[in-house]
Amino acid sequence: MKKLTISMCAIAVTVLSGCGSTPPRVAQDKVVTINGTDFTFGGVYDVDKNRLELSVNGDPVMNGRFAPYTPTLNMSAQYQNHDISGYCYFGSVLQNQGGAFGAIAGVIQSSQQKSGDKCEIKVAGEIKEHLYF
């Protein structure tokens, strides 16, 4: 009976330890045709690690982290001889700061219609698509 109790406690601790993490936010894939070739753009934002990863055709090509109190992140990469860049604005980065700062940031962003989390995807400097998280 004592072994059963210890085993049940161990299982409970294991199960509950995974409950504290936030699932990553995944953008819906967008397909863009460039010079007759289809490119699928996607992205994943890990809230707990504050890490954003953008992918092309399933290959992670750009990643980065938001600096403290900074809702923007610019990234660029080469993919199959194409210059690809992402300008990302994540309003939730400021709102998640909590307290008065987070509340004020949320109000200001809402008034400027910048409260969402999105990335503008450019190929050769031209906007091709937006990813929403």
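Which residue in strand 8 is the bridge partner of Tyr87? Glu120 is the one that takes that spot.

## What you're looking at

This is a predicted model, so a few ground rules apply: local features need pLDDT of at least 70, side-chain atom pairs count only at pLDDT 80 or more, and totals for chains, interfaces and linings use all residues. Residues are numbered from 1 along each chain as its sequence is written, and side-chain values use heavy atoms, with hydrogens and water left out.

The protein chain has 3 helices and 9 strands. Both kinds of element are DSSP runs numbered from the N terminus, with helices being H or I over at least four residues and strands being E over at least two. Reading from the N terminus, you go through α-β-β-β-β-β-β-β-α-α-β-β.

To count as paired, two strands need at least two bridges between them according to DSSP.

Now walk across it. Strand 6 and strand 7 (residues 82-90) run antiparallel and are joined by 8 bridges, with Thr72 standing opposite Tyr89 in strand 7. The hairpin they form has 2 residues between the strands, and in it Gln80 takes a positive phi near 50 degrees. Finally, strand 8 (residues 117-123) and strand 9 pair in the antiparallel sense over 6 bridges, and Ile121 has Glu129 of strand 9 as its bridge partner.

Rings of Phe, Tyr and Trp (its six-membered ring) make a pair if their centres lie within 6.5 Å; planes under 30 degrees apart are called stacked, over 60 edge-to-face, and the rest tilted. One of the pairs is Tyr45 with Phe66, edge-to-face at 5.9 Å centre to centre and 85 degrees between the planes. Tyr45 lies in strand 3 (residues 37-46) and Phe66 in the loop between strand 5 (59-65) and strand 6, so this pair ties together parts that are 21 residues apart in sequence.

Phe66 also pairs with Phe90: the ring centres are 5.0 Å apart and the planes sit at 40 degrees, so that pair is tilted. Since Phe90 is in strand 7 while Phe66 is in the loop between strand 5 and strand 6, the parts tied together here are 24 residues apart in sequence. Ring pairs link Tyr45, Phe66, Phe90 and Phe133 into a cluster.

The cut-offs are under 20% relative accessible area for buried, over 50% for exposed and partly exposed in between (1.4 Å probe, protein chains only).

Across the 133 residues of the protein chain, 32% count as buried.
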